[in-house]
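Have a look at the fold first, then read on.

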Amino acid sequence: MSSLMTEQVRHDFRLFAGRANPALAKEIAAILGVEMGKISIGPFPNSETRVQIEESIRGTDIYLIQPTIEPANETLMELLITIDAMKRASARQITAIIPYFGYARQDHKTTGREPISAKLVANLITTAGASRVMAIDLHVPQIQGFFDIPMDHLTAITTLANYFREKQIDNGVVVAPDAGRAKLAEKYSQILRLPLAIMHKRRNGPDGQEVKFVELVGEVKGKTPIVIDDEIATGGSIFQQAQALAEAGAEPAYVSISHAVLVGPALERLSHPSIREVVTTNTIPIPAEKQLDGKIKVLSIAPLLAEAILRVHQHRSVSQVFRDQHLDFAV
């Protein structure tokens, strides 16, 4: 795979990484068979971000990997400043690869006098000078429409679903945590050839953090649930979902997510016996001490991103990657 890609990557290709997830960037570079671009990023004494491109990039196609993870404001600002530096260094085009797109949950107004921060971030990235954006499993696919530049929305479905297919889970059931994830759960159900159940939840409280499950559609008693979602932050919802499933007679649940944000009490909640295993990807780096002695299984998304990067660079179809896997695009 590496030698084939090396032959196909043109001389005007450059792969750079910010500081948010350098390990993922290096893995992508190894798959593509290219060297990482030379860049220096650090703080000025007054805490402002300093970026210096340490090689000529005039006339080149740049692929910049920087998820906007915690601390979200710092990683976002680093992304914007780096794009600006590359634009001013006369890069021909800049593709911002944002495996985890921060602020995605702020995609609409839930009450009066609130921002739509996901749209603002899309505008900032465009204004900074990005020519194209690539992300994995946005909180809602409609965020693609917030961008006025090409936006490739990739999915980790097959990466995650293939893991469960290889496990050959007996008597399994795919569970959507709410109606909004029903379509995603249906795709898992088709790939794994397992039945589907849907949970209905209601968010209460002034900040919407209090979750109450009011209905479960589908049979889970005596079955092994695979609960799917896009991300886990504090783990409050997934903890209550696993508890509700256990009360309905289900076995301890597997959890499948694309992005493991894991803040606050998340690790404590995920260690509960009602959760058998959490399967996620490395869009966000997860240090060993956060992997709960193997209970959190991290799969690499690097092969998918490397393939998408190569296809973009060669002006070939990105959606064909998913159509070859019998998935509609985008998810």
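The largest nonpolar core in this predicted model has 48 residues, and those with the most contacts inside it are Leu15, Ile28, Leu154, Tyr188, Leu305 and Ile309. A nonpolar core here is a set of buried Ala, Val, Leu, Ile, Met, Phe, Trp, Tyr and Cys residues joined through side-chain atoms within 4.5 Å, where buried means under 20% relative accessible area with a 1.4 Å probe, protein chains only. Helix H9 (residues 302–313) gives this core its largest share, eight residues.

**Ground rules**
- Since the model is predicted, local features need pLDDT of at least 70 and side-chain atom pairs count only at pLDDT 80 or more, while totals for chains, interfaces and linings use all residues.
- Residues are numbered from 1 along each chain as its sequence is written, and side-chain values use heavy atoms, with hydrogens and water left out.

**More on the cores**
- Leaving aside neighbours within four places in sequence, Tyr188 is in contact with Ile157, Leu160, Ala161, Val174, Arg193, Ile228 and Ser256; contact means heavy atoms within 4.5 Å.
- Another core lies apart from the largest one, with 34 residues, among them Ile57, Leu80, Val121 and Phe147.
- In soluble globular proteins, nonpolar side chains tend to be buried together.

**Around strand S12**
- Strand S12 (residues 253–260) is mostly covered, with eight of its eight residues buried.
- S12 pairs with strand S11 (residues 224–232) in the parallel sense over six bridges, and Glu231 sits opposite His259 in S12; two strands pair if DSSP finds at least two bridges between them.
- To get from S11 to S12, the chain goes through helix H7 (residues 236–247) in a right-handed β-α-β crossover, meaning that, with the strands pointing away from the viewer, the path from the first strand over the helix to the second runs clockwise.
- S12 also pairs with strand S13 (residues 275–281), again in the parallel sense, over four bridges, and Ala253 has Ile275 in S13 as its bridge partner.

**Whole-protein numbers**
- The protein has 10 helices and 14 strands, which are DSSP runs numbered from the N terminus (helices H or I, at least four residues; strands E, at least two).
- Its radius of gyration is 20 Å, close to the 20 Å from the globule rule for 331 residues, so the protein is as compact as a globular protein of that length; the radius is taken over C-alpha atoms, and the rule is 2.2 Å times the number of residues to the power 0.38.
- Of the 331 residues, 53% count as buried.

Terms used. Buried < 20%, exposed > 50% of the residue type's maximum accessible area, 1.4 Å probe, protein only.
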